[in-house]
Amino acid sequence: MCGAKKGGLDLKGVDVDKEAVIQGQVLRGEEPVGGAYVRLLDSSGEFTAEVPTSATGHFRFFAAPGSWTLRTLAPKADPVDRQVVAQYGAVAEVSVTV
């Protein structure tokens, strides 16, 4: 997990022109959900990666360009799927409410 800062994840040291970055925060209402899991599924629904959220609910993936599904698994919540497109030169920011 890259270092979290107030307001989001720090992109210092990340060459966004060469990386397809997907990042965001998991929230319950307005409160961050630490210890949730966010899975990265490819366009066919196959599992690719999983990361835990930080104490501030943040997560980050470095993915290949293309269409992805984020599946969020949090305590006392149903799984939440979000579609996202990753591309070089841009950061896909995703907010997930459980």
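Trainee: What should I know about the model and its numbering?

Mentor: This is a predicted model, in which local features need pLDDT of at least 70, side-chain atom pairs count only at pLDDT 80 or more, and totals for chains, interfaces and linings use all residues. Residues are numbered from 1 along each chain as its sequence is written, and side-chain values use heavy atoms, with hydrogens and water left out.

Trainee: How many helices and strands are in the chain, and how are they defined?

Mentor: The chain has zero helices and ten strands. Helices are DSSP runs of H or I with at least four residues, strands are DSSP runs of E with at least two, and both are numbered from the N terminus. From that end the elements read β-β-β-β-β-β-β-β-β-β.

Trainee: What does Gln23 touch?

Mentor: Contact means heavy atoms within 4.5 Å. Not counting residues up to four places away in sequence, Gln23 touches Leu9, Leu11, Phe59, Arg60, Val91, Ala92, Glu93 and Val94.

Trainee: What makes Ala55 buried or exposed?

Mentor: Ala55 has a relative accessible area of 71%, so Ala55 is exposed. Ala55 lies in the loop between strand 6 (47-52) and strand 7 (58-63). With neighbours within four places in sequence left aside, Ala55 is in contact with Pro32 and Gly34. Ala55 and Val33 are 22 residues apart in sequence and 7.0 Å apart in space, C-alpha to C-alpha.

Trainee: Why is the pair of Arg39 and Glu50 called a salt bridge?

Mentor: A salt bridge is a side-chain nitrogen of Lys or Arg within 4 Å of a carboxyl oxygen of Asp or Glu. The side chains of Arg39 and Glu50 meet at 2.6 Å, N to O, and the pair is a salt bridge. Arg39 lies in strand 5 (residues 37-41) and Glu50 in strand 6, so the pair ties together parts that are eleven residues apart in sequence. Arg39 has a relative accessible area of 31% and is therefore partly exposed. Glu50, with 35%, is partly exposed.

Trainee: How many salt bridges does the structure hold?

Mentor: The structure holds two salt bridges. Asp81 and Arg71 also meet through their side chains in a salt bridge, with 2.8 Å from N to O. This pair links distant parts of the chain, with Asp81 in strand 9 (residues 80-86) and Arg71 in strand 8 (residues 66-73), ten residues apart. Asp81 has 40% relative accessibility, so Asp81 counts as partly exposed. Arg71 has 28% and counts as partly exposed.

Trainee: How do you know that strand 5 and strand 6 pair?

Mentor: Two strands pair if DSSP finds at least two bridges between them. Strand 5 and strand 6 have five bridges and pair in the antiparallel sense. Leu40 stands opposite Ala49 in strand 6. The two strands form a hairpin with five residues between them, and Gly45 in the turn has a positive phi of about 90°.

Trainee: Which strands make up the open sheet, and in what order?

Mentor: Four strands form the open sheet in the order 6-5-8-9, with antiparallel pairing. Strand 6 and strand 9 are the edge strands, as each pairs on one side only. Strand 5 is joined to strand 8 by five bridges. Val38 stands opposite Thr72 in strand 8, and Leu41 stands opposite Thr69 in that strand.

Trainee: Which residues touch the most other members of the largest nonpolar core?

Mentor: A nonpolar core is a set of buried Ala, Val, Leu, Ile, Met, Phe, Trp, Tyr and Cys residues joined through side-chain atoms within 4.5 Å. The largest has 20 residues, of which Ile22, Phe59, Phe61 and Leu70 touch the most other members. Strand 3, strand 5, strand 7, strand 8, strand 9 and strand 10 (91-97) each supply at least two residues of this core.

Trainee: How does the radius of gyration agree with a compact globule?

Mentor: The radius of gyration is taken over C-alpha atoms, and the globule rule is 2.2 Å times the number of residues to the power 0.38. With 98 residues, a compact globule would have a radius near 13 Å; the chain has 13 Å, so the value agrees.

Technical notes. Buried < 20%, exposed > 50% of the residue type's maximum accessible area, 1.4 Å probe, protein only.
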